[in-house]
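Take a look at the protein below. We will walk through it step by step, from ring pairs to strands to charged side chains.

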Amino acid sequence: MEEFLITHLILNNIKTKDIKKNKYLLFSSIGDNFDCMKWNSNSKLYDIIYIYYGNNVNNYNKYKKYCNFISKNKGSKFQNLYFLYKNYKYILDNYEYIFILDGDLIISIEDINKMFNIINDKHLYIIGPSFINNYNYKSNWHINKYNKYNQDLKYTNFVEVNAPLMKVNCLYNLFNNYDNNLIGWGIDFLYHIKNGVNLKDKYAIINIMCKNPTNNLDLHKNCNNYKNRCDYFKNYCKNNNIDLNYKIFPYKPIIYN
């Protein structure tokens with residue numbers, strides 16, 4: 001297995017814990033059409049880890065110049081994140097928060113920094129961005145549609161799977177007794193269930209402009225295995241005594257300062 005480390009994430013130092021830790025980590029599972037510059041600049045407050053699922057050696061060598069750690073694995077986003085957890089947990093242990101982003105999302109470095117600051121300042125568990133909803137970009141849930149008149153932060157009990165920013169311990173709770181055959185569908189319900197569904201001030205939507213070029217609901221409806229994914233998730237919950245009586249709703253909005 002090939003992997004690459006730069007800046008302060010050097011394996012020997014991580015193992016001895018003799019490093020300067022960064023609280024914040026951005027993770028994405030990326031392919032051959034990924035723009036490696038869009039989340040990388042001197043102004044970023046976070047480290048970056050990518051898992052590459054493609055086959056192009058030139059692209060892999062290009063991507064590794066723009067992150068702190070990269071490795072190869074075939075899988076979906078959470079499958080590749082679970083691969084990271086199973087093989088390199090000692091790297092994840094150096095962070096307090098992880099932003100798990102779909103590789104095609106459009107979100108500025110300034111807004112990513114803002115979200116890390118908010119989750120840290122407000123001692124939240126899981127947050128997500130709001131999404132532009134128009135002809136070109138889609139918001140799949142009413143709970144996270146962007147509105148320029150909304151206040152900065154809206155408490156909720158649901159953050160969508162395409163862009164959750166969470167405490168690393170919340171991620172570990174998700175991966176406890178986890179089934180790596182879960183692909184997307186239902187994982188967002190699951191990480192709330194495993195971290196507590198009745199918390200009214202730990203999950204939130206942040207009112208920033210994130211753009212999703214793919215309408216995931218339409219995409220799922222057109223997938224041949226959409227129903228299989230749904231049924232697999234329900235069977236997983238049934239076999240693990242997980243209650244799916246889950247209603248999505250917002251709590252009070254507040255101004256961040």
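**Rings, strands and charges**

There are 21 aromatic pairs in this structure. Rings of Phe, Tyr and Trp (its six-membered ring) pair if their centres lie within 6.5 Å; planes under 30 degrees apart are stacked, over 60 edge-to-face, and the rest tilted. Tyr24 belongs to strand 2 (residues 24–30) and Tyr97 to strand 5 (residues 97–100). The two are 73 residues apart, so this pair links distant parts of the chain. Helices (H or I, at least four residues) and strands (E, at least two) are DSSP runs, numbered from the N terminus. Both Tyr24 and Tyr97 are buried. Buried means under 20% relative accessible area, exposed means over 50%, and partly exposed lies in between (1.4 Å probe, protein chains only).

A word on the source. This is a predicted model, where local features need pLDDT of at least 70, side-chain atom pairs count only at pLDDT 80 or more, and totals for chains, interfaces and linings use all residues. Residues are numbered from 1 along each chain as its sequence is written, and side-chain values use heavy atoms, with hydrogens and water left out.

Now turn to another ring pair. Phe34 sits in the loop between strand 2 and strand 3 (47–52). Tyr63 sits in helix 2 (residues 57–63). The pair links distant parts of the chain, 29 residues apart. Phe34 is buried, at a relative accessible area of 9%. Tyr63 is buried too, at 0%. Ring pairs also build a cluster: Phe34, Trp39, Tyr50, Tyr52, Tyr60 and Tyr63.

The charged end of Lys72 sits over the Tyr60 ring, 4.5 Å from its centre. Such a charge counts if NZ of Lys or CZ of Arg is within 6 Å of the ring centre and within 35 degrees of the ring normal. Lys44 lies over the face of Tyr46, 5.7 Å from the ring centre.

Next, step back to the chain. Its secondary structure comes to 8 helices and 10 strands. Of its 257 residues, 49% count as buried. Where do buried residues lie on strand 7 (residues 153–156)? Leu153 and Tyr155 are buried on one side, Lys154 and Thr156 on the other. Strand 7 pairs with strand 9 (residues 203–210) in the antiparallel sense, over 3 bridges. Two strands pair if DSSP finds at least two bridges between them. Across that pairing, Tyr155 stands opposite Ala204 in strand 9.

Finally, look for salt bridges. The structure holds 2. A salt bridge is a side-chain nitrogen of Lys or Arg within 4 Å of a carboxyl oxygen of Asp or Glu. Asp102 forms one with Lys77, and the closest N and O atoms are 2.7 Å apart. Asp102 lies in the loop between strand 5 and helix 4 (109–121), and Lys77 in helix 3 (residues 77–92), so the pair ties together parts 25 residues apart in sequence. Asp102 is buried, at a relative accessible area of 18%. Lys77 is buried as well, at 12%. Asp93 forms a salt bridge with Lys89, with the closest N and O atoms 3.0 Å apart. Asp93 is partly exposed, at 35%. Lys89 is partly exposed, at 30%.
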